[in-house]
Amino acid sequence: MNFVMKAALGGGPPDVGKMLGGEEKEDDPDAAKKEEERQEALRQQEEERKAKYAKMEAEREVMRQGIRDKYGIKKREEAEAEAAAAAEEPAAGSLTRPKKAVPAGCGDEEEEEESIMDTVMKYLPGPLQDMLKK
């Protein structure tokens with residue numbers, strides 16, 4: 001409806017003149033100054049927002065640390081660093097995973113062979129025992 005009224009009164013949409021090859025509007029001399037002020041305002045707002053969230057995060061960290069101290073909990077970064085150091089320490093020069101400790105009595109092969117041999121000798125008859133001892 002608004003378009004019909006403007007067309008009847010001799011006006012039209014502002015882009016019609018440009019499409020027909022008419023003159024372009026000149027830039028406002030204050031436009032650059034206004035744009036610069038707008039950019040500065042945006043930068044200032046962004047700095048204020050970052051400062052606000054940094055302050056909130058600092059308050060939260062103080063509260064978290066209080067809870068950690070109360071319950072004896074380590075910080076996640078500290079715990080991960082300790083675990084990584086412990087995992088790297090035994091395997092520093094090894095290309096394979098660290099070996100598990102051998103239980104007592106399992107590592108001596110000679111003792112096992114002798115004990116097995118002695119057990120077998122107990123169940124053999126006398127003449128076979130003499131032959132195996134030689």
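Colleague: What percentage of the residues of the protein count as buried?

Modeller: This is a predicted model, and of its 134 residues 2% count as buried. To be called buried, a residue must have under 20% relative accessible area.

Colleague: What is the secondary structure of the protein made of?

Modeller: There are six helices and zero strands, so that from the N terminus on the elements run α-α-α-α-α-α.

Colleague: Where is confidence lowest, and where is it highest?

Modeller: Confidence is lowest in helix 2 (residues 15-19), with a mean of 62, and highest in helix 3, with a mean of 95. The protein as a whole averages a pLDDT of 77, and 59% of the residues score at least 70. Where pLDDT is low, the predicted coordinates should not be read in detail.

Colleague: How do you know that the span of helix 3 is close to the expected one?

Modeller: Helix 3 covers residues 31-71, which is 41 residues, and its first and last C-alpha atoms are 60 Å apart, close to the 60 Å expected at 1.5 Å a residue. Just after helix 3 comes G72, which takes a positive phi of about 70°.

Colleague: Why is R68 called buried?

Modeller: R68 lies in helix 3, and its relative accessibility is 15%. The limit for buried is under 20%, and R68 therefore counts as buried. Not counting residues up to four places away in sequence, R68 touches E61, I73, K74 and K75.

Colleague: And why is M63 called exposed?

Modeller: M63 is also found in helix 3, but its relative accessibility is 59%. Exposed means over 50%, so M63 counts as exposed. Together with I67, Y71 and I73, M63 forms a nonpolar patch on the surface, and these residues have about 460 Å² of accessible area together.

Colleague: What makes R38 and E35 a salt bridge?

Modeller: The closest N and O atoms of R38 and E35 are 2.8 Å apart, and the cut-off for such a pair is within 4 Å, so the pair is counted as a salt bridge. R38 and E35 are three residues apart in helix 3, and are therefore separated by about one helical turn. R38 is partly exposed, with a relative accessible area of 43%, and E35 is partly exposed as well, at 35%.

Colleague: How many salt bridges are found in the whole structure?

Modeller: A search of the whole structure finds nine. One of them joins the side chains of E61 and R64, at 3.1 Å from N to O; both residues lie in helix 3, three residues apart, which is about one turn of the helix.

Colleague: Why are E61 and R64 called partly exposed?

Modeller: The relative accessibility of E61 is 25% and that of R64 is 34%. Partly exposed lies between the limits of 20% for buried and 50% for exposed, so E61 and R64 both count as partly exposed.

Colleague: Is K133 buried or exposed, and what makes it so?

Modeller: K133, which has its place in helix 6 (residues 126-133), has a relative accessible area of 62%. With over 50% needed for exposed, K133 therefore counts as exposed. The C-alpha atoms of K133 and M121 are separated by 9.2 Å, and the two residues are 12 residues apart along the chain.

Notes
Residues numbered from 1 in each chain as written. Predicted model: local features only at pLDDT ≥ 70, side-chain atom pairs only at ≥ 80, totals over all residues. Heavy atoms only, no water. Helix = DSSP H or I, 4+ residues; strand = E, 2+ residues; numbered from the N terminus. Expected span 1.5 Å × (residues − 1). pLDDT = per-residue confidence, 0-100. Patch = residues over 30% accessible without salt bridge, like charges linked within 9 Å, V, L, I, M, F, W, Y side chains within 5 Å. Areas by Shrake-Rupley, 256 points an atom, 1.4 Å probe, with all protein chains shown as cover. Buried < 20%, exposed > 50% of the residue type's maximum accessible area, 1.4 Å probe, protein only. Contact = heavy atoms within 4.5 Å.
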